Amino acid sequence: MTQPTSTDPRRIHIFDTTLRDGEQSPGVALNHAQKLEIAHQLARLGVDVIEAGFPITSDGDFECVSRISREVRGPVICGLARTARADIERAAKALEAAARSRIHVFTSASKVQIEHMLRKTPEQVIESSVQAVRLARQYTDDVEFSGQDVMRADFDFVIRLYREAIEAGATVINIPDTVGYGTPQEYGALIARVRDEIVQGRNVAISTHCHDDLGMATANSLAAVENGATQIECTVNGIGERAGNTSLEEVVMAIHTRRDHYQAQTGINTREINRVSRMVSRLTGMPVQPNKAIVGENAFAHESGIHQDGVLKHKETYEIMNAELVGREAAVMVMGKHSGRAAFRKALSDLGYVTDGQNDFGLNDEAINVLFTRFKELADRKGQIYADDLRALVEAGAEIAQTFHLGSLQVLSGTHVTPTATVRLETPDGLREAASTGDGPVAAAMNAISQATGITPELETYRLQSVTRGNEALGEVSAGVRYGGMTIMGIGLATDVVEASARAWLHAINQIVAGAGKSRIETETTV
Ligand SMILES: CC(=O)SCCNC(=O)CCNC(=O)[C@H](O)C(C)(C)COP(=O)(O)OP(=O)(O)OC[C@H]1O[C@@H](n2cnc3c(N)ncnc32)[C@H](O)[C@@H]1OP(=O)(O)O
Ligand SMILES: CC(C)C(=O)C(=O)O
Ligand SMILES: [Mg+2]
């Protein structure tokens with residue numbers, strides 16, 4: 001076996017407690033099958049330890065830990081226990097079938113918890129902890145010891161408590177900031193003190209267990225790593241009691257991405273991260289916030305033009321890790337009101353509309369500029385623009401050659417008024433305005449446009465469909481009109497159906513004016 005050298009990165013063990021502390025999230029209760037499914041995925045992910053449950057809690061939890069012990073291979077399987085004999089014996093029984101087992105004994109370290117919750121003296125806490133660790137060691141060589149709430153405890157007491165636990169046989173000492181109170185500097189300093197005063201020279205691992213009440217769980221865990229911790233306790237998606245625990249994906253990717261800084265590595269197969277995140281979210285019913293680091297919907301998405309342009313030119317301008325590294329698809333460009341021309345052109349190219357500047361759709365630079373203006377108008381109203389929106393924009397693109405542009409449209413309609421529309425059209429010769437009534441708002445808009453342009457085709461067919469997703473979905477109107485012996489199809493798109501109809505009508509009129517562009521005209525068939 002090769003011996004590690006002083007320059008080898010330190011190995012940080014990942015202790016996953018999604019099934020124990022994660023399940024303590026309000027409203028979450030996983031059944032056996034669900035826990036087993038997650039445990040198998042955690043093993044594929046490569047975690048070092050799975051805290052499978054707290055066996056004294058219920059027969060169900062006991063059964064579940066037993067089943068995971070029997071069926072999941074790879075990680076150490078751990079069960080939680082208070083310092084009570086019954087808890088330790090129950091945990092030991094549940095872990096019997098595990099290839100490698102750990103009993104995790106915990107007490108309280110802070111004055112407030114010792115006095116008011118345990119109702120013991122500090123000396124009694126030390127005594128019961130020592131007894132508990134010794135008892136646990138009768139069942140397994142791997143015993144972890146925790147004193148809850150260390151960051152609000154007297155640090156001299158913490159040192160005494162953990163020293164006694166080590167003497168009693170604890171092989172891992174876990175330093176829980178149970179209520180997420182510590183700052184990275186304070187927590188890091190305590191870990192350094194534990195390392196220097198009681199762990200140095202012994203075969204005992206220091207572990208971190210942080211909660212996110214002040215949003216500092218990840219920073220605190222990493223500060224612990226900088227100061228000698230070699231195990232991080234964490235949960236997938238950071239779920240857990242109150243504001244949750246340190247999130248697994250964040251610490252793993254921080255250590256991976258900043259290995260230059262931490263000089264450390266985990267055994268995690270990072271490509272499984274996204275899968276386990278989605279699984280835990282689905283089974284617990286806890287959605288992941290879109291801006292959540294690593295696993296949030298937006299974590300690898302770029303929306304603003306300057307960022308998109310940078311990423312298209314060179315990914316590293318705005319990306320510190322590859323999406324593929326955590327099992328996600330390559331970073332996506334979200335098209336919206338902040339997007340610029342570079343991303344717009346790339347999106348059209350991905351959809352096959354632009355190849356080297358020009359293709360069958362005739363999208364040269366000028367055409368793209370016209371479409372880009374329409375895209376911005378649409379994005380202002382609709383927010384996110386999907387691929388279908390872009391397709392629809394391009395396919396209604398005969399507006400590119402339009403003589404008449406819709407400047408504005410105002411429609412008055414209701415149950416007791418005659419529908420009336422006023423349009424303002426921009427033309428190469430200046431503005432044209434007209435107002436008209438109709439049977440409904442759509443007819444009024446079409447009549448007003450006909451008046452302004454002086455062209456009144458006959459409406460033959462009219463079809464309205466929603467072409468995109470979202471609350472403000474785009475409506476596409478196809479208006480088949482007859483004029484001068486020809487049938488012409490006008491297409492209009494807008495989030496408002498009256499506006500989409502007006503645009504379709506105007507689109508048809510523009511084709512008539514332009515001499516009826518071939519691609520959108522079907523000549524009359526003679527029977
Ligand atoms: C920080 C953490 O995440 S700790 C883990 C928290 N997880 C859970 O509590 C989930 C599972 N818990 C349960 O199902 C129940 O609380 C049980 C089965 C453990 C205990 O249930 P009950 O016997 O009804 O006790 P209850 O929950 O009301 O109170 C907890 C008792 O444990 C004691 N206790 C708390 N921590 C410890 C400890 N580390 N060691 C010994 N006793 C402890 C309390 O002092 C209290 O004792 P008391 O009843 O003599 O006052
Ligand atoms: C059981 C212990 C380690 C715990 O979850 C905490 O203190 O937060
Ligand atoms: Mg906890």
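Two residues are in contact if their C-beta atoms, placed from the backbone, lie within 7 Å. On this basis, 67% of the contacts in the chain between residues at least 6 apart in sequence join residues at least 24 apart. The model is predicted. The chain holds 17 helices and 19 strands. Of its 527 residues, 44% count as buried. The radius of gyration is 33 Å, whereas a compact globule of 527 residues would have one near 24 Å. Along the principal axes, the C-alpha atoms fill a box of roughly 100 × 55 × 45 Å.

One sheet was examined strand by strand. This open sheet has 3 strands, in the order β13-β14-β15, and the pairing is antiparallel. Strands β13 (405-414) and β15 (430-437) stand at the edges. Each has a single partner strand, so one side of each is left without a neighbour in the sheet. From one strand to the next, the twist averages 10°. Strand β14 spans residues 417-427 and pairs with β15 over 8 bridges, in the antiparallel sense. Within this pair, Thr420 stands opposite Thr437 of β15. A helix, α16 (residues 441-453), packs on the sheet. Helix α16 touches β13, β14 and β15, and its direction makes about 40° with that of β14.

Two ligands were considered next. The shell around ligand 1 comprises 16 residues. Those that come nearest are Thr57, Arg82, Thr83, Thr107 and Leu118. Two elements, β5 (101-108) and α4 (111-118), each supply at least two residues of this shell. Strand β5 gives the most, with 3 residues. By class, the shell around ligand 1 has 6 nonpolar, 7 polar and 3 charged residues.

Ligand 2 is surrounded by Asp21, Leu80, Phe106, Ser146, Gln148, Asn174, Pro176, Thr178, His209 and His211. The elements giving two or more residues to this shell are β6 (143-148) and β7 (172-177). Its residues divide into 3 nonpolar, 6 polar and 1 charged.

Two single residues were then compared with the burial cut-offs. Gly244 lies in the loop between β9 (231-234) and α9 (248-257). A residue counts as buried if 20 or more other C-beta atoms lie within 10 Å of its own. Gly244 has 23 such atoms within 10 Å and is therefore buried. Beyond its neighbours within four places in sequence, Gly244 is in contact with Ser25, Asp212, Thr235, Gly238 and Ile239. Gly215 is 29 residues from Gly244 along the chain, and 9.3 Å separates their C-alpha atoms.

Met279 belongs to helix α11 (residues 273-284). With neighbours within four places in sequence left aside, the contacts of Met279 are Glu37, Ile38 and Gln41. Val125 is 154 residues from Met279 in sequence, and the C-alpha atoms of the two are 39 Å apart in space.

Terms used:
Residues numbered from 1 in each chain as written. Chains lettered and ligands numbered in written order. Predicted model: local features only at pLDDT ≥ 70, side-chain atom pairs only at ≥ 80, totals over all residues. Helix = DSSP H or I, 4+ residues; strand = E, 2+ residues; numbered from the N terminus. Buried ≥ 20, exposed ≤ 12 C-beta atoms within 10 Å, placed from the backbone. Pairing = 2+ DSSP bridges. Axes fitted to C-alpha atoms, helices over the stretch in contact; angles between N-to-C directions. Rg over C-alpha atoms; globule rule 2.2 N^0.38 Å. Near = placed C-beta within 6 Å. Nonpolar A, V, L, I, M, F, W, Y, C, P; charged D, E, K, R; others polar.
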